[in-house]
Amino acid sequence: MNEWLTQIAPLLGAEGPLVLVTVAQTLGSTPREAGAAMLVGATQTADTIGGGHLEWEATAIARALLRDGTRLRTVRFSLGASLGQCCGGAVWLLFERIDADGALMWRHRAAAVARGEHLARAVASSDAHSVWSLCPAGRTGTDFSREPDGHWQFEQHIGEPPFPISIFGAGHVGEALVRVLAPLGAQIAWIDTREDVFPAELPANVRAISTDVPEQAVADAPPGTCFLVLTHSHALDFELCMAIYRRKDFAYFGLIGSDTKRARFEHRFIERGIAAERLEELTCPIGIAGIQSKLPQSIAIGVAAQLLQLRETRLLLQHASQHAASALADIHCKSTGSPR
């Protein structure tokens, strides 16, 4: 989700100084949300703030800053009036120079965020550069304020919301799933009973686990985990499903297979004491409806779409709950006269 963060160090090595272009604030319809960012070097770019004319203009401004040595700048763009983009909203972009001698520090920051930590950023128009700090996982988002005299302040918390996924099986579908899900900010545990099936190199947010007791990995997974069962053995699939049913705090429980496999497993689940009403907790076949292809990559895309739908729904409910709690706190403060 924060590809720019992982690309800073390698791009600094290849390009020298860069400009980090961040969407500081948005108004109305815009191609990317506040906090989205891209990197601009002398010849290369990484990640995106939405493409189109906005990104072309931002790239030109960033390269001009690289040439003249400017370290900080904010620019407002009216997407419809000045750029002719159909979005029609407005975007404030923050441009900040990143020097080439900080590559190692940026590697550490990217690795920490991949492990689940968050990165906090604070900068104002009177500063020479942002102050960055690592902090425990918490809130994410941005805050951009502007004064009539032109002074501005920007704060950003960078990190991925918890999105734990346990994938059982390192076959073709398992590998395709890891390749699709890893860039989406998931924290992936990839489990198999075989030792020699994992690729030599894995993204920082993917942990390969070779174990003779994969059921233990079910027990060790954090609450809210999305479980995907797709091993080379139907017998192992079944035992893993039983281990998952022993938990009641998972976000998703998917089993690769057909309607026929589901029917056979459901019959055996009932025999092993699983209540009939819990059978609906299982997703099998996996993936969104309408994709008929059995290619591993097609299955992975369908499953990723299904998990993203689930995550977006949970985040919306979480945000709604937070807003409701804040509103109740405001009402309480007004009724009692106490400070917020």
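Tutor: Keep in mind that this is a predicted model. Let's start with Pro 285, in the loop between α7 (259-271) and α8 (296-336).
Student: Is the peptide bond from Cys 284 to Pro 285 cis or trans?
Tutor: Cis, with omega near 0°. Most peptide bonds are trans.
Student: Let's switch to α2. How far apart are its end C-alpha atoms?
Tutor: They are 25 Å apart. Helix α2 covers residues 52-68, and its 17 residues at 1.5 Å each should span 24 Å, so the two values agree.
Student: Which residues of α2 are buried?
Tutor: Leu 54, Glu 55, Ala 58, Thr 59, Ile 61, Ala 62, Leu 65 and Leu 66.
Student: And what covers them?
Tutor: The cover for those buried residues includes β1 (18-27), β2 (37-40), β3, β4 (72-78) and β5 (90-98).
Student: What comes just after α2?
Tutor: Gly 69, with a positive phi of about 85°.
Student: New topic. Where is Thr 225?
Tutor: In the loop between α5 (214-220) and β13 (226-229).
Student: What does its side chain reach?
Tutor: The side chain of Thr 225 reaches the backbone oxygen of Pro 222, at 2.6 Å. Beyond four places in sequence, Thr 225 also has contacts, including Pro 164, Ile 165, Phe 250 and Tyr 252.

Methods
Residues numbered from 1 in each chain as written. Predicted model: local features only at pLDDT ≥ 70, side-chain atom pairs only at ≥ 80, totals over all residues. Heavy atoms only, no water. Helix = DSSP H or I, 4+ residues; strand = E, 2+ residues; numbered from the N terminus. Polar contact = N/O pair within 3.5 Å; in protein donor to acceptor, adjacent residues only side chain to side chain. Contact = heavy atoms within 4.5 Å. Expected span 1.5 Å × (residues − 1). Buried < 20%, exposed > 50% of the residue type's maximum accessible area, 1.4 Å probe, protein only.
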